[in-house]
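Thanks for coming. I will go through one model, starting with a hairpin and ending with ring contacts.

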Amino acid sequence: MSLIMDIAVVALRVLMPLYAIVIVYQCYASMRRRRRPERPLVLLQNAETGEKIPVLFWENAIGRARGSDISVDDQTVSRNHCVLLRRKEGWFITDTGSKSGTYVNGEPVTERTQVMIDDVITIGSTDFIFRRGEEFHEELRSSWFFSKVVNKPSVQPYKIMILVSLFHVFMGVEATFCDDGKDFDPLILAGVMVAVEWVFFAVSYFALKRVAFEIESLCLFFTGIGVILLARQVLRSAYTQLIAAVIGMIVFCIVVKFIENPDRIGKWRLIIMIAAVGLLAVNLVFGKVTNGSNNWIHIGSITIQPSEFVKIAYIFVGASTLDRLQTKQNLIEFIIFSAVCVGALALMGDFGTALIFFAAFLLVSFTRSGDWKTLILALAGAGFAGFMVLNVKPYVRKRFEAWGHVWEQAQDMAYQQARTLTYIAAGGLFGVGIGNGCLKYLAASESDLVFGLMAEEMGFIIAVTIAVAVATLFIYARSVATRSRSTFYSISSCCAAGMLVVQMSLNVFGATDILPLTGVTFPFISAGGSSIIACWGLLAFIKAADERTYSKRIKERE
């Protein structure tokens with residue numbers, strides 16, 4: 001009987017990498033399907049030439065600039081002249097401080113003004129007639145991500161959920177019988193994880209009436225792997241991680257609901273900004289030093305990392321609806337808030353998270369303006385700041401000195417990276433089995449070095465598959481951004497996905513000595529309650545950018 005179980009466990013180890021690839025493929029393949037074909041929502045017809053310009057987005061920048069959604073070749077038109085946007089009440093136009101002004105039927109636009117079919121919109125010295133989209137008969141090319149499979153039926157959500165749940169059950173079986181079946185705690189944990197997944201699915205798909213569940217299924221897949229990997233380290237930590245994941249799912253639902261109306265963000269933006277700064281201030285005053293940085297607050301037996309939650313607030317402040325986005329006050333507030341966040345994290349000594357915030361700042365800045373000069377200036381400033389850090393923080397300098405010299409300092413500053421690389425090699429393509437690895441005995445193996453833990457125990461194929469799946473979130477976010485209902489969704493989804501990818505890259509490349517070790521977590525996989533809650537919160541922005549997320553509600557309202 002024991003021989004049969006050993007053969008079964010070995011078979012699982014060999015088949016699980018292929019199974020993981022199938023799950024990731026099915027999730028992303030389904031994300032591409034059942035999408036509306038590209039067609040104009042309305043038209044702007046040039047009153048003089050008769051040219052019909054298709055309006056493709058819910059929010060459209062109109063101006064003389066090449067980067068405008070609708071570019072007007074008229075010297076009296078400002079570079080960023082006005083914004084045409086759609087809301088549930090209809091279409092509106094807002095002037096964004098243009099020199100020559102914007103008019104609807106001859107009346108100047110001083111605030112959001114509703115536009116009706118056949119109204120005349122004057123932009124500079126050019127008149128446009130507002131027309132229905134059905135009058136445009138030319139074929140529009142879909143974006144590459146959705147171009148080939150738009151008409152294929154999507155994979156039924158429950159089928160993907162079955163795949164994900166079975167994978168976690170198999171992980172529980174493997175972790176249980178790595179110890180000859182003497183301890184069934186990992187299998188019980190896997191069962192609890194599966195139950196949580198299906199409750200979340202039932203709430204989201206039936207109670208909240210979501211029309212798609214692929215991205216949630218993918219991140220449940222990640223979350224379950226992280227939870228069950230902990231089963232053979234500290235079982236209590238595994239259940240703590242699962243509880244934090246449940247809180248994260250609740251946060252996910254709340255954020256998706258909260259940002260359903262993008263105009264609501266403008267009303268809450270200042271409050272969220274003040275709350276985030278206050279949270280960082282509390283961290284600076286009451287935080288305790290852990291592993292070189294004082295970014296942890298201890299409340300009894302519970303430890304919280306406030307900077308993780310500030311990531312969510314950062315996106316709220318950085319993104320906005322297009323008509324508000326182009327105001328100077330909005331931009332100045334965002335730059336000051338970014339400087340405060342990065343500066344506070346630097347004072348805490350949490351340079352890994354500071355780097356994630358800085359990367360998010362670059363993403364938001366570029367998506368807001370498309371200006372390379374701003375990025376170059378910001379990078380130059382970051383380079384100078386990095387030079388200063390290396391001179392005033394000796395332990396950071398030592399990490400940079402160890403970078404690229406892992407085997408020369410294998411018993412000193414590069415001890416963690418050397419062991420990680422060794423055990424990744426020992427795990428091979430298919431791993432040594434969950435619970436059979438040696439890296440789990442090393443400090444931070446469940447957090448900073450979790451990529452190595454996955455590679456050793458589950459195999460290099462699965463570890464790379466998970467890393468690629470997280471990285472592909474940015475490609476997906478970028479693809480859905482052009483079809484989102486608001487610039488807020490477009491910018492926030494790209495920023496959230498960018499944060500997750502940069503965080504994952506720092507974790508993987510730091511543990512494998514491709515980059516200096518920064519001590520940040522692997523999204524959804526690493527142990528850490530604050531981290532996984534924040535990851536689910538960031539996921540909400542990517543979910544909201546998907547045009548299908550609010551589709552049923554919109555249809556009912558219209």
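Two strands are taken as paired if DSSP finds at least two bridges between them; strands are DSSP runs of E of at least two residues, helices are runs of H or I of at least four, and both are numbered from the N terminus. The model is predicted, so local features need pLDDT of at least 70 and side-chain atom pairs pLDDT 80 or more, while totals for chains, interfaces and linings use all residues. Residue numbers start from 1 along each chain as its sequence is written, and side-chain values use heavy atoms, without hydrogens or water.

First, the hairpin. Strands β1 (residues 42–46) and β2 run antiparallel and are joined by 4 bridges. Leu44 has Ile53 of β2 as its bridge partner. Between the strands there are 5 residues, and Gly50 in this hairpin has a positive phi near 80°.

Next, helix α16, residues 487–511. The expected span of a helix is 1.5 Å times one less than its number of residues. For the 25 residues of α16 that gives 36 Å, and the end C-alpha atoms are 36 Å apart, so the two agree. Of those 25 residues, 23 are buried. After the helix comes Asp513, with a positive phi near 70°.

Now the cores. A nonpolar core is a set of buried Ala, Val, Leu, Ile, Met, Phe, Trp, Tyr and Cys residues joined through side-chain atoms within 4.5 Å. The largest one has 124 residues, and Phe522 and Trp536 are among those with the most contacts inside it. α16 gives the most to this core, 12 residues. Apart from it there is another core of 19 residues, including Leu84 and Phe128.

Last, the rings. Rings of Phe, Tyr and Trp (its six-membered ring) pair if their centres lie within 6.5 Å; planes under 30 degrees apart are stacked, over 60 edge-to-face, and the rest tilted. The structure holds 28 such aromatic pairs. Phe177 and Phe184 have ring centres 6.2 Å apart and planes at 85°, so they are edge-to-face. Phe177 is partly exposed at 21% relative accessibility, and Phe184 is partly exposed at 41%.

Key:
Buried < 20%, exposed > 50% of the residue type's maximum accessible area, 1.4 Å probe, protein only.
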